Amino acid sequence: MAIKPIVLIPDPILREKSKPLERIDDAVRAFADDMLETMYDAPGIGLAAIQVGEPVRMLVADVAKEEDGRDPRVLINPTIVARSDERSLYEEGCLSIPDYYADVERPAAITVSYVDRDGADQTLEADGLLATCLQHEIDHLDGVLFVDHISKLKRDMVFKKFRKLARQRGDGPVMA
């Protein structure tokens, strides 16, 4: 397993829509393991493949409390098939937007269909932090960032800060 570098805003790849994975094989499972290792190392509770530079529809998540041990999840080609009318508010952060947090309102519960690491179709009903995490990561697969859910003024301030940091690092092209 290997820790992958995490893509930071304003890298334009984060705005790409990820492509479905056509088959699940040992290479995909190894990549999922690398993603989990990267997420745990960061540390984070979720990571989309696009965040490590691979525009494929796969995410990993683990929202278990530390004292309960790990509960890693790998979701391939996830799709939200139902959303609750009830809403919840969580303070979100993102490994691609380090050290920035904001309250985001999302559906409190969702149902997700996906393929697991063995290629089997699955359905997951999630609420609470897991529902928020999965929505956040599925947004990534669609080129949407959590800051797209906050006010334009706050979002513009975040991008201005990260564009400046990218210029200081000498990064390549940057997104708006």
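**Reading the sheet**

Modeller: Start with the strand order: five strands form an open sheet in the order β1-β2-β3-β6-β7, with antiparallel pairing. Keep in mind that this is a predicted model.

Biologist: Which strands stand at the edges?

Modeller: β1 and β7 (121–127) do; each has a single partner strand, so one side of each lacks a neighbour in the sheet. On average, neighbouring strands are turned by 40 degrees against each other, direction ignored.

Biologist: What holds strands of a sheet together?

Modeller: Strands pair through backbone hydrogen bonds, either parallel or antiparallel. Here, strand β1 (residues 46–48) is joined to β2 by three bridges, and Gly 46 has Ala 61 of β2 as its bridge partner. Between β2 and strand β3 (residues 73–83) there are four bridges, again antiparallel, with Leu 59 opposite Leu 75 in β3. Five bridges link β3 to strand β6 (residues 109–115) in the antiparallel sense, and Arg 83 stands opposite Ile 110 in β6.

Biologist: Which helices pack on the sheet?

Modeller: Helix α1 (residues 26–41) touches β1, β2 and β3, and its direction makes about 45 degrees with that of β2. Helix α2 (residues 128–141) also packs on the sheet, touching β1, β2, β3, β6 and β7; its direction makes about 125 degrees with that of β7.

Biologist: How do I read the two faces of a strand?

Modeller: In a regular strand the side chains alternate between the two faces of the sheet. In strand β2 (residues 58–61), Met 58 and Val 60 lie on one side, Leu 59 and Ala 61 on the other.

Biologist: Are those residues of β2 buried or exposed?

Modeller: All four named residues are buried, and both faces of β2 are covered.

Definitions and conventions. Residues are numbered from 1 along each chain as its sequence is written. This is a predicted model: local features need pLDDT of at least 70, side-chain atom pairs count only at pLDDT 80 or more; totals for chains, interfaces and linings use all residues. Side-chain values use heavy atoms; hydrogens and water are left out. Buried means under 20% relative accessible area, exposed over 50%, partly exposed in between (1.4 Å probe, protein chains only). Helices (H or I, at least four residues) and strands (E, at least two) are DSSP runs, numbered from the N terminus. Two strands pair if DSSP finds at least two bridges between them. Axes are lines fitted to C-alpha atoms, for helices over the stretch in contact, and angles run from 0 to 180 degrees between N-to-C directions. Contact means heavy atoms within 4.5 Å.
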